[in-house]
Amino acid sequence: MASAVRTTCPYCGVGCGVVVSKDENGAFSVKGDPEHPANFGRLCSKGSALAETLVDDSRLLRPIIGETPINWKAALDLIATEFSKTIEQHGPDSVAFYVSGQLMTEAYYVANKLMKGYIGSANIDTNSRLCMASSVVGHKRAFGSDTVPGTYRDLELADLVVLVGTNLAWCHPVLYQRLAAAKKEHGTKVVVIDPRRTATCDIADMHLPIKSGSDVRLFNALLSRLATDNRLNPTFAEQYTEGLDKALEAANEDAPNLRAVAEACGLPMRDLAQFFDWFCATDKTVTVYSQGVNQSSQGADKVNAILNCHLLTGRIGQPGCGPFSVTGQPNAMGGREVGGLANTLAAHMDFDTDSIDRVQRFWDAPNMATKPGLKAVDLFDAVHSGKIKALWIMATNPAVSLPEADKVREALNKCPFVVVSDCVSSNDTMQYADVLLPTTTWGERDGTVTNSERRISRQRPFKRPPGDAREDWDIICDVARRMGYKDAFSFETVAEVFKEHAQLSAFENDGQRDFDIGGIAHLGPQAYEVLEPFQWPLRSDGKGEQERLFGSGAFFAANGKGQFIAVSHRPPENHISERFPFILNTGRVRDHWHTMTRTGLSPRLALHRSEPFLEIGPDDADVLHLSEGDLAEVNSPKGRVLLRVRLDDGLQPGTVFAPIHWSDTNSANGVVGRLIAGVTDPYSGQPESKHTPVAIAKFLPKWQALVVSRIKTSGASAEYWASVTGHDCTITTFAGTEDITDWQKWARRMSGDSGHEWLTFSDPSGGRHRFATLKNGRVESAIFVSNRNDLPSLEWAQAQFALDRLDERDRSGLLAGRPANDAFDPGPMVCSCFSVGVNTIRRAIAEQNTLTVEAIGAALQAGTNCGSCKPEIQALLDTELTSADGNMLQQEAS
Ligand code: SF4
């Protein structure tokens, strides 16, 4: 294999290019690809740590039936037989595929072809349903096609960038970096509309902490204001669009005056007016939105409320202008292109008569599906009710990520035949599988992905898959052939699959459909191998790729016109009540991805947020008698979780936030999907994941423990625990309510009961116990137990594992549960790239007079690689510079 390979980051929808190199010892290193147009060499903390995740320890290596490892032939024969038998007995709609935005486009393509063209059902849906289905509906209603009109460059060319329901700094960090650089260069105004004050607000000129669920009203008010302010672009709106009158009528009714809207949105009238002034006055405006808009029972209407404002002003498809949906997953867009959603056909076609006929003829499909299939939440309901009897889950973990996670588990448990193909050896979903199939993962996969700006890039392999792992597209084709569809799935290479996908996109297209990559429909294997990133459409007319669309109309509705959609505010379907008085918002954190199967392998990523947590405002916390570091029990009508409390004054009273990353594999009672109801948007089927009524109470454990061990902790059983990978160790935090009388015995079990040298300290009356095992003077495990919330810092505890030999001072430190004498505790991680903790930064501020983010970077390197931690460093500076003698420091800083 080549020593430097250009490929694409497997995490978020920014789709950064990376260059992977291998040194003479076989170690990989990952750098940003300076030539990739998504990132021009930049990476975020997750992308920078990719090389650390290239370990095969937790991989699934063989197909497994029940508990028994088996060969591929037996596993695939069984799958083909069970699916064929189920279809024969109960019809095509009795089977389903649940796939993932992690899949390569080629795997998505053949899965969709098998289900919709050959099995004859459209019961294939994707976890991207949870991410951006509302944007798909919004686009299709307004543009007649699922098209993102702009390009990332527009964020740099804009004079005003409005970020709605998107924590760009943490969830699309390289886009955030590009925007921050543009702001620095030419003073781009940035407005953040988000119920939470997030890290993204660090570069905001204005933060509008909108009341959860009131976005439609805000953008309706903006539409009214744009109209009364004569901001209507007559050429554009009159020639290229229709439906404005009805949309305006609805907007005027919904948003009668500024005062009413400000009140409904929970915003200061002055700020709202200022935002409207800026929007009205700025031609070059981009509105970026993501899950905060999409994950809502009125997600599609929110999208159209935003699009209406851009259609009225004609701010679309021009440099520095446009609405911009950014996707969460690396290949959510690729999935959309091949029809990975149950309600679409391949190549951005729909279930209309002409398209069904066209796709049927192209595929020569014997059993063409003629109606949409079940969307994710409905699909799992159908599994639960017994309607779906055979289910194949590919590269996703619905037992964690779907709403009503417990009901999903019940459904999987009841389902007569479940196949899971994944790269990991265990996750919460796999325990319900009848057949497990080992797949390749990033670094081994070959294919293409599409990022949020319609840019198709190659993912290229650079390491051999371990064990018997195979490519998803290859596995699906093998099953299809065994089901009797030999010719249609006779692809020998991934390049052949891509070629067919490209040909279908151009088939009877003639510019009628947005997705067209006919310009590369005859790509041979060599050309596919070296394919450079490009944006679609890339039609066969030789005009090249199209950077922007709709600047001069040419929408894909039947009459070629963009459509205003009349929308009105509908309150979220979930309501707070006396019993569930708080609104839970969910989302991602900076350094983790999905259920942490990859980011959880990187020690430096693990420590930024090491436990499942609940962010709550200090005033609400006071009322509930919660302090920083306490544990909170969070209940909704659907389930219960236990989360570590973090105080955050960026949250509005009555609202809390929890991340989505924890599963039963890395925690106990940390799956927030258990809390979320299966309420969905009526048009998009996307669940309302940002607005769950919950009750919160202090959880009072009798004891808490921190176990750091070179061997993976086993025998863990406590009401609460959460585990992460540290440097050369596993770090697990426990809390329990059961009485433990023999702590020594417990500690021995946690440490693997090795015969190493033991250090012990016990203070039963004070409720404190500490144990450590040493081998040749090096620590093997360290166990700290307390009946208070005063466990040592993870960073300090883990640092002891880097020492080759512990001296007397280190030993006493371990038994004391804190750094001995003058030893320094770096504190919780801020900069993952250079492992710089909060205490290190505080010390630099106090002792080295580092009063700016740049000065801290110069002194400690923090923030100088990917820059993802810069907002946190700035927040730390703000706190430190306004504390006790802060006035003087602040003056110096300014
Ligand atoms: Fe990967 Fe970060 Fe780029 Fe997203 S922003 S693609 S996570 S490097």
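## Residue classes and the model

In this report, Asp, Glu, Lys and Arg count as charged, while Ala, Val, Leu, Ile, Met, Phe, Trp, Tyr, Cys and Pro count as nonpolar, and the others, Gly among them, count as polar. The structure described here is a predicted model.

## Domains

The domain assignment of the protein begins with domain 1 (4-53) and includes domain 2, which is made of two segments (64-128 + 331-504). Domain 3 covers 133-325. The assignment also lists domain 4 (582-699), domain 5 (703-816) and domain 6 (829-893). Taken over C-alpha atoms, the centres of domain 2 and domain 6 are separated by 47 Å.

## The largest pocket

The largest pocket has a volume of about 1600 Å³. Its lining consists of 48 residues, and those closest to the pocket centre are Arg609, Glu628, Arg646, Leu647 and Glu872. Elements that contribute two or more residues to this lining include strand 22 (613-616), strand 24 (640-647) and helix 28 (838-847). Helix 30 provides the largest share, with 9 residues.

By class, the lining of the largest pocket comprises 19 nonpolar, 17 charged and 12 polar residues.

## The second largest pocket

A volume of about 860 Å³ is found for the second largest pocket. It is lined by 32 residues, and Ser58, Gly600, Leu601, Lys712 and Thr725 lie nearest its centre. Strand 29 (720-726) and strand 30 (729-736) each supply at least two lining residues; the largest share, 5 residues, comes from strand 29.

The lining of the second largest pocket has 17 polar, 9 nonpolar and 6 charged residues.

Terms used
Residues numbered from 1 in each chain as written. Predicted model: local features only at pLDDT ≥ 70, side-chain atom pairs only at ≥ 80, totals over all residues. Heavy atoms only, no water. Domains from an automatic or database assignment. 1 Å grid on protein atoms, 1.4 Å probe; cavity = no way out; pocket = protein on both sides within 12 Å on 5 of 7 lines; lining within 4 Å. Points joined across faces, edges and corners; volume = space filled by probe spheres on them. Helix = DSSP H or I, 4+ residues; strand = E, 2+ residues; numbered from the N terminus.
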